[in-house]
Amino acid sequence: MTVTISRYTPAMQARWDEFVRNSSNATFLHLRPYMDYHSDRFTDCSLMAHDGKGRLVAILPANVSGTTLYSHQGLTYGGWLVTRRHFATPAMLEVWQAAVEWMRSQGLKHLVYKAIPWIYSRYPADDDLYALWRMGASTEACSVSSAIPTDMPRLDNESARQEVKRAAECGITVSESTDTATFMAMLAARLQERHGATPVHSTEEMQMLTERFPDNIRLFMARNSAGTPVAGILLYITGTVVHTQYIASDAEGRANGAIPAIVDHVMRHVCDGARYLDFGTSCVDGGRTLNSGLVSQKYSLGGRPVAYTTYALTL
């Protein structure tokens, strides 16, 4: 198969988004209305691969900084997104070869590649990793996420179940909410208190993204008996995974089991059709430092490890 690589331009948005919706391994994060909300922060260098008949067979969400191509610094995961049919492993090898040649022709020296965790693929699509190994790529980072399979018996422990029971006894109720501002304020306060940090998204950005993707970005809040919010989980819902993008609670919520109550509600009422509930990573510094307390909390809720791996390749 002869492969031609071209750089994405805004005129190609409709074709790009159509491909994402029909890909084996893309999620709504790869749609341009999501990718482009922070286009002012990154120089887009997304790639499109066509075969000898002019058919689009793979796309790569990417940005460039200096002489390095990243896939993509503004996304949790990137990687080649591929068509569901007529794209076997030899085709991926040819796509990589053509892409590397294109990158070199543009004066690029390095590639940093965020692989898509396998739980997010509708169909297996790890031949990009095989090709990276063939080309001599090295592991740049590896972080541990925690995921619960929805079609298996839950492995939550007794303490988590008691937390859910205590929440009910304390009058905690869980429901979907559109009060993004209240949740983001709670999240910001907790991050500042624990880590001296701020959320990746501003309140305005999160409200905008929720409006753009109302079926994919949903907020669930726990309220006390007086109706006051005490905890919340903001979900990113893809074809195969319900992902907890943000989790926050105040002191009352932490004392009364509000987060386990929300997780229990999400597992029972939101995960229908998804294969996994993914809590996200529990690492910093590219996985070199593990937050043992956080990963233990996720383990108690039934989460089990999934690797988020980033690769580096010298061009």
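Me: What is the volume of the second largest pocket, and what makes a space a pocket?

Reply: The second largest pocket has a volume of about 160 Å³, the space filled by probe spheres set on grid points joined across faces, edges and corners. A pocket is an open set of points on a 1 Å grid over the protein atoms alone, where a 1.4 Å probe fits, with protein on both sides within 12 Å along at least five of seven lines. This is a predicted model: local features need pLDDT of at least 70, side-chain atom pairs count only at pLDDT 80 or more, and totals for chains, interfaces and linings use all residues. Residues are numbered from 1 along each chain as its sequence is written, and side-chain values use heavy atoms, without hydrogens and water.

Me: What makes Trp96 a lining residue of the second largest pocket?

Reply: A lining residue has an atom within 4 Å of a point, and Trp96 is listed in this lining, as are Arg104 and Met135. The largest share, five residues, comes from H3.

Me: How do you know that the span of helix H5 agrees with its number of residues?

Reply: The expected span is 1.5 Å times one less than the number of residues. For the 12 residues of H5 (158-169) that gives 16 Å, and the end C-alpha atoms are 16 Å apart, so the two agree. Just after H5, Gly171 takes a positive phi of about 85°.

Me: Which residues have the most contacts inside the largest nonpolar core?

Reply: They are Tyr34 and Phe183, in a core of 39 residues. Helix H6 (residues 180-195) gives the largest share, four residues. Apart from this core lies another, of 34 residues, among them Val3 and Met103.

Conventions
Helices (H or I, at least four residues) and strands (E, at least two) are DSSP runs, numbered from the N terminus. A nonpolar core is a set of buried Ala, Val, Leu, Ile, Met, Phe, Trp, Tyr and Cys residues joined through side-chain atoms within 4.5 Å. Buried means under 20% relative accessible area, exposed over 50%, partly exposed in between (1.4 Å probe, protein chains only).
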